[in-house]
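Please look over the structure below before reading on. The briefing that follows moves from the whole chain to single residues and pairs of side chains.

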Amino acid sequence: MPEFDWYQATVPTKVDDLVECLEGLCQGVKISHARGHHGYASTVVLGSAEWGDVARIWHGGEAHEYPHALLSGDWAPKGAELIRARFPEHKVARVDVREDFGGDDTFDRMQGECLEVAAARRVKVGTAGDHLLTKLGRTVYLGSTKADTRLRLYDKAAEMRQALKPPPGVDQAAWFKHRGIPDHLTRLEAQVRPHTPAAKLAFSSVSPTQALGASAWMRDVWSRCVGLEVEPIKVGKGWRQSDDERAYQWLLESYGPLLRRVREDLGSWECVGLQLGQDLAAGNRNM
């Protein structure tokens, strides 16, 4: 089932009350302080000897009336639950929703589905890791880093092994297996940043599954990869088609039949593209 992997929100309360709330994440929480970020004066760090950092709270500064909580990884679901129960009127800045899948061919299958959605929806694609030789640490990104919605598909098992490097000379496969790290684990993860005040407030009560409805292309990915159908949910201002997008759509509607005839003459869409490029270059020279 989808669950939160990141939960970040501004909470309308005093910082001491928010700290008290998040102390319920685990036993033996210790509090330390660090420099603030993004205009906040200070950071309260909640951690423990066993688990390390479990939450961060930015607070103070002239530009910010209320504290801002950040929870990630396995602490995000419980942290979201605690904040929602005690401070239901908070405003969410970002949520990440994850779902993990086993199987040695899962990454390749889901990657194909993601790329087909990206092509159909004209969504930006990025990659990281080695996709050619070792195929370790592979990651596929859909969506811009500045967009309200973004998606990551990555090799979670490789990430877990990287974080727990075995001692020299040991049987690595047996060492990782003893620590419960699977041979194959693929993570599909959505990142959503509500844009308007109304959307930020609405996300204080949406479930992880509901958050996946934040964009049409993201709904397509989850439908094709997982078979999960999600209702749309608004995260930003109403979408407006750009002038270039309207002109491109008009071009396809007006000259589609001509372009198809040119393709039949030249043999492929690749040749059509090359011919268009040559004709445009020749036209520029003749101007």
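Does W250 count as buried or exposed? At 52% relative accessibility, W250 counts as exposed, where exposed means over 50% relative accessible area, buried means under 20% and partly exposed lies in between (1.4 Å probe, protein chains only). This is a predicted model, in which local features need pLDDT of at least 70 and side-chain atom pairs count only at pLDDT 80 or more, while totals for chains, interfaces and linings use all residues. Residues are numbered from 1 along each chain as its sequence is written, and side-chain values use heavy atoms, with hydrogens and water left out.

**The protein as a whole**

- The secondary structure comes to 10 helices and 10 strands, which are DSSP runs numbered from the N terminus (helices: H or I, at least four residues; strands: E, at least two).
- The protein has 287 residues, and 37% of them count as buried.
- The accessible surface comes to about 17200 Å², and 52% of this area belongs to carbon and sulfur atoms; such areas come from the Shrake-Rupley method with a 1.4 Å probe, and for residues only the protein chains shown count as cover.
- If one takes the contacts (heavy atoms within 4.5 Å) between residues at least 6 apart in sequence, 62% of them join residues at least 24 apart.

**The sheet and the helices across it**

**Two loop residues with positive phi**

- R122 lies in the loop between helix 3 (106-121) and strand 7 (125-128), and its phi is near 60 degrees, a positive value in a residue other than glycine; R122 is exposed, with a relative accessible area of 60%.
- K135 is found in the loop between strand 7 and strand 8 (139-142), and K135 has a positive phi of about 60 degrees although it is not a glycine; at 40% relative accessibility, K135 counts as partly exposed.

**Salt bridges**

- A search of the whole structure finds 14 salt bridges, each being a side-chain nitrogen of Lys or Arg within 4 Å of a carboxyl oxygen of Asp or Glu.
- One of them joins the side chains of R98 and D5 (2.4 Å, N to O); R98 lies in strand 6 and D5 in strand 1 (residues 3-10), so the pair ties together parts that are 93 residues apart in sequence, and both R98 and D5 are buried.
- D100 forms a salt bridge with R187, the closest N and O atoms being 2.7 Å apart, and this pair links strand 6, which holds D100, with strand 10, which holds R187, across 87 residues; D100 is partly exposed at a relative accessible area of 33%, whereas R187 counts as buried at 7%.
- R152 and E189 also meet in a salt bridge (2.7 Å, N to O), which links R152 in strand 9 to E189 in strand 10, 37 residues apart; R152 is buried at 12% relative accessible area, and E189 counts as buried at 4%.
- A network of salt bridges links E3, D5, D74, R98, D100 and R187.

**Aromatic pairs**

- A search of the whole structure finds 4 aromatic pairs, meaning rings of Phe, Tyr and Trp (its six-membered ring) whose centres lie within 6.5 Å, with planes under 30 degrees apart counted as stacked, over 60 as edge-to-face and the rest as tilted.
- W250 and Y255 form one that is edge-to-face, with 5.9 Å centre to centre and 80 degrees between the planes; Y255 is partly exposed, with a relative accessible area of 41%.
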